[in-house]
Protein chains: 2
Amino acid sequence: MTIKAGIVGYGNLGQGVEYLINSLDDFELFGIFSRRETLDTDADVYPVEDAAKYKDDIDVMFLCVGSATDIPDQATGFAEHFTTVDTYDNHSKVAEHRAAMHKVAQANDNVAVVSTGWDPGLFSMNRVLGLSLFPEPVQNTFWGKGLSQGHSDAVRQVQGVKRGVQYTIPAQDAIDQARAGNGQGLSKTQAHDRIVYIVADAADHDRIREEIVSMPAYFEPYDTTVHFISEEEFERDHQGAPHGGHVITTGNLQGHNASVEFSLDLESNPNFTAAAMVAFGRAAARLKAQGQSGAFTVLEVPPYLLSPQSLDDLLKSEII
Amino acid sequence: MTIKAGIVGYGNLGQGVEYLINSLDDFELFGIFSRRETLDTDADVYPVEDAAKYKDDIDVMFLCVGSATDIPDQATGFAEHFTTVDTYDNHSKVAEHRAAMHKVAQANDNVAVVSTGWDPGLFSMNRVLGLSLFPEPVQNTFWGKGLSQGHSDAVRQVQGVKRGVQYTIPAQDAIDQARAGNGQGLSKTQAHDRIVYIVADAADHDRIREEIVSMPAYFEPYDTTVHFISEEEFERDHQGAPHGGHVITTGNLQGHNASVEFSLDLESNPNFTAAAMVAFGRAAARLKAQGQSGAFTVLEVPPYLLSPQSLDDLLKSEII
């Protein structure tokens, strides 16, 4: 089965999905739906308001639009006509989003796989798995090394900063503590450090460092290191959007520690979110082909549906 | 729902399952089925040949018997009367075992979750997940640090060895290579080192080391280190059965490396196998309660079914 895919939205995520769809043998791209008339792509581009016309041409629609307002506003509209997959990432409203999508998808005999990506998404799966293994599990999630847009914006507000970027990194001693089974009570502040790279005139360095490390909420409670670098170094080393993290769960089993860890180390955050989304898009198309309907979180998808291989081929392979 | 559990077999695995069942709020132990008349346990013990009499008292039967011959010989007999979970670990025959269990379980309206544990089991899930994320994934599985019974037996055959134990450990340079996206073509030999701890008279040390590191197949192709230690150190530090490993998958996404890793670090191997088995036993009982029947591998179980929490509670929590 070749899965015919549509993409709504053409930001970083939509472009990442397009690249994957074109690279994978089991997908083909029908087109991209956008509010803009022209996009820098070889794909067919359609006005987003015409999407419903193509409902019979598309097996799964990738909703690559913003989580803050676009998904709550638009996702159910797409679920009326299409099997969909999204990366809605407002953790506290996943249940609400799933319920809204379930109602519409089920009424229209479509499938909606919601809140994919890596957190929520792969990290959610691994949090649930880890917590399912032990009578008294201890679990910590660490994020990073990751570029933080909000904190980078904050340092760029400091007077004299010409260029600036901020990375959140897990504190190594906190990771070691978690792996050893002693992560109980570790706060997010203790578990993460902040590293800042700044381009500025030498005369301003001391003042800038002081203003950054003492910035309330953003930096003050964290262990923050500020590095001053040249414009050239900034250009060369700090243009990417790395991210990643660790979900670490431990349990004590009759006096023996067991540590279970899922880790991501990503040179590009949006590219990998797209990769996770595409795997769950494959699952959405297959659930629909199986005759199912309604909304599914990543917790409800059997893992074999993510694979380009059939279950029979997986069972016969060395993978299992 | 409290899940009523039976256990067949009372070796390391059965004892580990018993401990967990007694520690978890959502399970209660009906009893242990054994060929032996008395066991060192507070649980009720029944003759294994009488098991079928108690089919209505047990929601899930944990088959804690040997993979080599007991599972192929006996598992379908239990699937006739019970919803079951097993840790059948012959990778090349999982498909065959699943098919045999499926036929019997389906005919008798039971569920059989097969080949749980960690490898096969959690590692299988993560191999499939990793391979589903990238157009051209590169994947390596590393095992260890792990006690190897076969290699420990081999070193104990060397003349002059009073006590001996062997651990397999992943080679750090090979792990680094895999994480960086360069794991293609790494052989099992390159990827693992062997560490041996021996108690012997000082006069024999050089000869024993030489005999071990040159032992064909067992040690000769590997980077092997032999440490000579005192009887006291051996007693203190080498009585456990640690194990673990890493499933590392990388992919190149538009020039950016993404590394996905699942790791286990286990002070006790059989205890953790039991923990994974119990989580899948919970899923087996729930699949049966949902009205399903037949055999399921770990690839076919939606992750939420592993959790002691309901799907609704998971969705409303911070976990997702």
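The structure is a predicted model, in which local features need pLDDT of at least 70 and side-chain atom pairs count only at pLDDT 80 or more, whereas totals for chains, interfaces and linings use all residues. Residues are numbered from 1 along each chain as its sequence is written, and chains are lettered from A in the order in which they are written.

In chain A, strand 13 (residues 256–266) is mostly covered, with 9 of its 11 residues buried, where buried means under 20% relative accessible area with a 1.4 Å probe and protein chains only; strands here are DSSP runs (E, at least two residues) and helices are runs of H or I of at least four, numbered from the N terminus. Strand 12 (residues 243–253) of chain A pairs with strand 13 of chain A in the antiparallel sense over 11 bridges, pairing being assigned if DSSP finds at least two bridges between two strands. Within this pair, A:Thr250 has A:Ser259 as its bridge partner, and the hairpin leaves 2 residues between the strands, with A:Gln254 in the turn at a positive phi of about 50°.

Strand 13 of chain A also pairs with strand 13 (residues 256–266) of chain B, in the antiparallel sense over 9 bridges, and there A:Ala258 is bridged to B:Leu266.

Elsewhere in chain B, strand 2 (residues 27–34) has 6 of its 8 residues buried. Strand 1 (residues 3–8) of chain B pairs with strand 2 of chain B in the parallel sense over 6 bridges, with B:Gly6 opposite B:Gly31. Strand 2 of chain B pairs in the parallel sense with strand 3 (residues 45–47) of chain B over 3 bridges, B:Ser34 having B:Pro47 as its partner.

How values were computed:
Heavy atoms only, no water. Buried < 20%, exposed > 50% of the residue type's maximum accessible area, 1.4 Å probe, protein only.
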